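Trainee: I'd like a close look at one part of this model, please: the aromatic rings. What should I look at, and what goes with it?

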Amino acid sequence: MDRPHSGGCTEVMQHNGNALVVLAHHRTDSLTAHIARRTVAQLEAAGRRVDLLDLHAEGFDPRMNPADQPDWDDREKVYSAETRDHMRRILAADEVIAVFPVYWMSVPALLKGWIDRVWNYGFAYGRSTPRLAGKRILWLGLAGATGSDDVIEPMRQILDSQLNAGIAYYCGFAHAAVGLLPDAEERPQSIGAEGELVVGEAVTGAARTAQYTEFDARAAAFVADFLAGTDQDRAADRSAARALA
């Protein structure tokens, strides 16, 4: 999902920008954490300055609390110190990539609570010009279902509606995309004809290596496409700036 490109930028970028990678998983040995680390390396190779925000490792509490509850009569409310620190990290980023496992066709509670507490009234929304305007976000979701399962396309549509239209666009992001990565489980999972969960035998040996090599490549392709869009936008801004000079 893209907002209309405004152009007219008069500032020439001296670097390839800042990226915030948000990892939402409780285990450092998870496939999700592995993909987040590979994403950081890919961004750094593309010249980005990367801030890795590991929500669990940093002890982020996703539960709402009185200090961070929105005050609809005061959009200038000063939120908790922890939330303000996370707000600063988002503001410092040109690009945000959230890496998470898909739970129940949605994001895990850790990521949802981060959005609830940090993407708050007066900061992410509630202003005529959102503070997150112009930023880009990629939602990189790992799904246990097999790529051939009929549930994948509805899952993609639901995530697109929730995350792109319901959150990112509402908060002023210039571009938002979902990269859905099925086949995350070693034991293939699908939904049977009667609605039952069908779990196959675990892949091993060369087949396992091939599956996760291809998985890594698909994740990297989503990130590469996302970065290419950013670079195209910057090139358009530079062309517009030269035309106005």
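Mentor: Happy to! The count comes to 8 aromatic pairs, taking rings of Phe, Tyr and Trp (its six-membered ring) with centres within 6.5 Å. This is a predicted model, where local features need pLDDT of at least 70 and side-chain atom pairs pLDDT 80 or more, while totals for chains, interfaces and linings use all residues. Numbering runs from 1 along each chain as its sequence is written, and side-chain values use heavy atoms, without hydrogens or water.

One of the pairs joins Trp 114 and Trp 119, with 5.9 Å between centres and 70 degrees between planes. That pair is edge-to-face (over 60 degrees; under 30 is stacked, the rest tilted). Both Trp 114 and Trp 119 are buried (under 20% relative accessible area, 1.4 Å probe, protein chains only). Next, find Trp 72, Tyr 121, Tyr 125 and Tyr 170, which form one aromatic cluster.

For the setting, trace the open sheet of 5 parallel strands, ordered E2-E1-E3-E4-E5 (DSSP runs of at least two residues, paired by at least two bridges). Its edge strands are E2 (49-54) and E5 (175-181), each pairing on one side only. Further in, E1 (residues 18-23) and E3 (residues 95-101) pair over 5 bridges, and Val 21 stands opposite Ile 97 in E3.

Technical notes: Buried < 20%, exposed > 50% of the residue type's maximum accessible area, 1.4 Å probe, protein only. Helix = DSSP H or I, 4+ residues; strand = E, 2+ residues; numbered from the N terminus.
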